[in-house]
Amino acid sequence: MVKIRVNGINYQLDVDPDTPLLWVLTEQLGLTGTKYSCGISECGSCTVHIDGEAELSCGISLGEVAGKDVVTIEGLKGRIADALRQAWIEEDVPQCGYCQSGQIMTAATLLKHNSDPSDDAIDGAMSDVLCRCGSYQGIRQAIHLAAGRKVS
Amino acid sequence: MKEKPLVQGRRDFIKIGTLAGTGLLVGVHLPNCSRHVEASHVSSENGVNMLAPNAWIRIRSDDTVTVMVNHSELGQGITTALPMIVAEELEADWSKIKVEIAPVEEVYKNPAFNTQMTASSTSVYTSWDILRKAGAMARETLISAAARAWKVPPSECYAQNGAVIHKPSQRSFRFGELVDKTAGIPVPEDVYLKKPEEFKIIGKRIPRLDTKIKTDGSAKFGIDIKLPEMLVAVVVHPPVFGGKVKSVDSQNTRKMKGIRDVVAIDAGIAVVADTFWQARLASDALQIEWEENENSKLNSDALFERWDEMAKSEGKTQYEIGDVDDFFGTDGKTHQAMYRIPYQGHATPEPMNCTAHVRDKDCEIWAPTQHQDAAQEVAARITGFDYEAIKVHTTFVGGGFGRRISVEYVVEAVQISKILKKPIKVIWTREEDTRNDRIRPATCNFMEAAIDSNGLPVAWRHRIVGADVFGQMLPKLIPSIMPYWVPRFLRNGLSGIGESLLPRVVPGKKAIKGAAPLQYNIANVRAEFINDDPGIPIGYWRSVSAFSNAFAVECFLDELAAESGEDPFDYRDRLLTNSPRMREVMKLAADKAGWKEKPPAGVHRGLAIHRFHDTDLCFVAEVSIHSRHEIRVHRVVCAVNCGIVINPKTIESQMESAVAFGLTSTLKSAITIRDGKIEQSNFDDYPILRIDEMPKVEVYTVQDTRSPTSIGEAGVPVIAPAVANAVFAATGIRVRKLPILPDDIKNT
């Protein structure tokens, strides 16, 4: 049995602790907003927050997050999250949308640490999350928009 | 339920009738349609009555208007663009619009291919007339119903923002209120279609309808499907193309936790478990021996060498104006070059997957697919069921780019489900996805031009060597393209004939897309194709041959401009005398980019034009070269004429997307073959463009009132030559291959 806290809910799971967190979230808990794409920590689609920081859930096992606080896109809340989602909608960022949970989760920790990031800072923080549709320009604009609103 | 045809033998086939006294039965059908779609009707669900004035529109008494979209949402924004067309003519309230992806039905086939398929950037232009008319007919039906209720002439009424209004009295009915008032109303055959200057929705930056659910994790992709008692399968495919299993030892696999079964299917060995991760781990424990296979000798480097050699002989002429032979092999000035374009992968972010449930008498499929009819056809073949017994649900699609036109993942899920009699979700690992991709063909392009005394080409020959996608793919499409009434034995028979015949007959015409006809006024042009299909699985890929051909054409033309010592814009301008539309597009891009002004220090510009289907484009790329010969693209200015713009934001997004997608192929990645295998396996060895490599993209459209043309693929072929030409401007080095890597320009 592994104890884990996801989106504020405590779970006791009878799952092999070596299982990547990604598959625990999607297959055991039905939190399918976190996405599998590479499985080798190369693309960022599976980004979640662990104790408030962005982590790749395909590269971390259930056992490693035991007792920690996990937040997925479904549970992402608060001023930063609201500002990001609103900006994402206004800038019409997603195309296919598959990577966007990873983009938003990563952007949320960026804004937590840097309330007014430059383009370079955005590129630096976001460069590990791949978007094959190329929605990058919208992501930059949406992060700027959200940053401006969150502060005001 | 009674129904009787009102009008037959005209372009549309309209049915009207009554359903248990609740309302109207009306259906707009295309010719020869009769399979699934019954005449539409008013029905009731949870106290909400619904009017279906035709196959495309569902108006409910709660005022919502649902638009049936017969294309897959791949990210291109089609589930917003097509409803905009309907809403415009219907005079609907946009805030009440909902979308449903259409089931597999005759009426929902893509008229460009006679199969329900999202491909070749056809969705908007094939839907334009149909959806406008569908919207207008529904509008007129609602107006007639309101007029009858008020006992006034319909001519005194008009529709606006989801309501019908009686002009003299200013009385109004919301659309929802009219649902029950339409019984017996004749559906007008000739309806007024709005003029572009009357558009209220088309041309506006309407936000996409699918954005919100793509920001909170609730959008459902194929990989997210979960059914009661569903098992998950990982399929181990042969390492070498076309490989077959000789023997398999699954003893250790079967002992592992969660494993339910190991089954042999056509594609390989499927490990079936309670969860993906269990199946994935257990698949590593399989001991499979594969049969010896001739394909293990395949090697892409050797293929390029072979094609270089083959390019020395004449190919089969696919397009010709004038006679180029008069100009080559004479004393006149000529210029030659060989361009080599490698294989490319799709790297869809969502790996191939499909969920299928084969029951005793029917089958259900949930798939992120671009080709619903093919999904249904393969399931019909495997199960032996009629089409009617196979239901296909199209989920959101995590990237298509042409990959999901073929449906191997559906075959696998249906085969496994048929064996195990349970709902099965097949998920390909990223590694399986990359190595079992149907890759975009590689080609060698031998270019030759004869130059007249003005420095302009008087003869142009483009000889393409490689395999044609259609040679492999058309046989696969045939069974889905055939009309539904074709019986199974005939369908299978014709498919069999197609499979043996088509690969020999088909190759050529489509392989020259983007190579000819040229936009340039050159009197003698020939495009030749030399077909050499080594058997590597190839497939459609966002713009397919246009990508490689446009690279060769636009770079080679740039070479001629340089030979002539002329500015690349001026040189093209002199050659575009017969293409005013393209000329206007090129001028727009050049003006916006400041082509005639000096770029900032260290920045160099390149330009390329391309006509994709009927869309004209010009890109200007700005690049700089940094330490260790790193190439950075800072800015891309895109000018586009795609006819009437449905949604300017979609055009911008698709151009940005084309730039990003094309830059991966231009500067980063390629698929290579060694020993009959794709060498790449994941994003570490097939890297795709990152945000810090994304240039600033500016998009400008030419205002035009012709019907909308293509946009989804149109920009992809333009970026590579624009960047390559900018690299030449920066370094003086003409790189005639892709991707352009620092090593290619290290001698600067």
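Biologist: What makes A:Ile143 a contact of A:Leu84 in this predicted model?

Modeller: Contact means heavy atoms within 4.5 Å. A:Leu84 touches A:Ile143 and also A:Ile104, A:Ala107, A:Ala108, A:Leu111 and A:Ala146. Residues up to four places away in sequence are not counted here.

Biologist: Which residues have the most contacts inside the largest nonpolar core?

Modeller: They are A:Leu84, A:Ile143, B:Tyr343, B:Trp460 and B:Phe619. That core has 176 residues. Its largest share, 10 residues, comes from helix H12 (residues 545-563) of chain B. A second, separate core has 51 residues, including B:Trp94 and B:Phe199.

Biologist: Why is the pair of A:Trp23 and A:Tyr36 called tilted?

Modeller: Ring centres must lie within 6.5 Å to pair. These centres are 5.0 Å apart, and the planes are at 50°. Stacked needs under 30 degrees, and edge-to-face needs over 60. A:Trp23 is in helix H1 (residues 21-28) of chain A, and A:Tyr36 is in the loop between H1 and strand E3 (47-50) of chain A. Both residues are buried.

Biologist: Why is the pair of B:Phe401 and B:Phe661 called tilted?

Modeller: The centres are 4.7 Å apart and the planes are at 35°, so the pair is tilted. These residues are 260 apart in the chain. B:Phe661 is in helix H15 (residues 648-668) of chain B. Both are buried.

Biologist: Why is strand E12 of chain B called largely enclosed?

Modeller: Buried means under 20% relative accessible area. In E12 (residues 231-236), 6 of the 6 residues are buried, so the strand is largely enclosed by the rest of the structure. B:Leu231, B:Ala233 and B:Val235 cover one side, with B:Val232, B:Val234 and B:Val236 on the other.

Biologist: How do you know that E12(B) and E22(B) pair?

Modeller: Pairing needs at least two bridges. E12(B) and E22(B) have 3, in the parallel sense. One of the partners of B:Leu231 is B:Ile424. E12(B) also pairs with E15(B) in the antiparallel sense, over 5 bridges.

Methods: Residues are numbered from 1 along each chain as its sequence is written. Chains are lettered from A and ligands numbered from 1 in the order in which they are written. This is a predicted model: local features need pLDDT of at least 70, side-chain atom pairs count only at pLDDT 80 or more; totals for chains, interfaces and linings use all residues. Side-chain values use heavy atoms; hydrogens and water are left out. Buried means under 20% relative accessible area, exposed over 50%, partly exposed in between (1.4 Å probe, protein chains only). Helices (H or I, at least four residues) and strands (E, at least two) are DSSP runs, numbered from the N terminus. A nonpolar core is a set of buried Ala, Val, Leu, Ile, Met, Phe, Trp, Tyr and Cys residues joined through side-chain atoms within 4.5 Å. Rings of Phe, Tyr and Trp (its six-membered ring) pair if their centres lie within 6.5 Å; planes under 30 degrees apart count as stacked, over 60 as edge-to-face and the rest as tilted.
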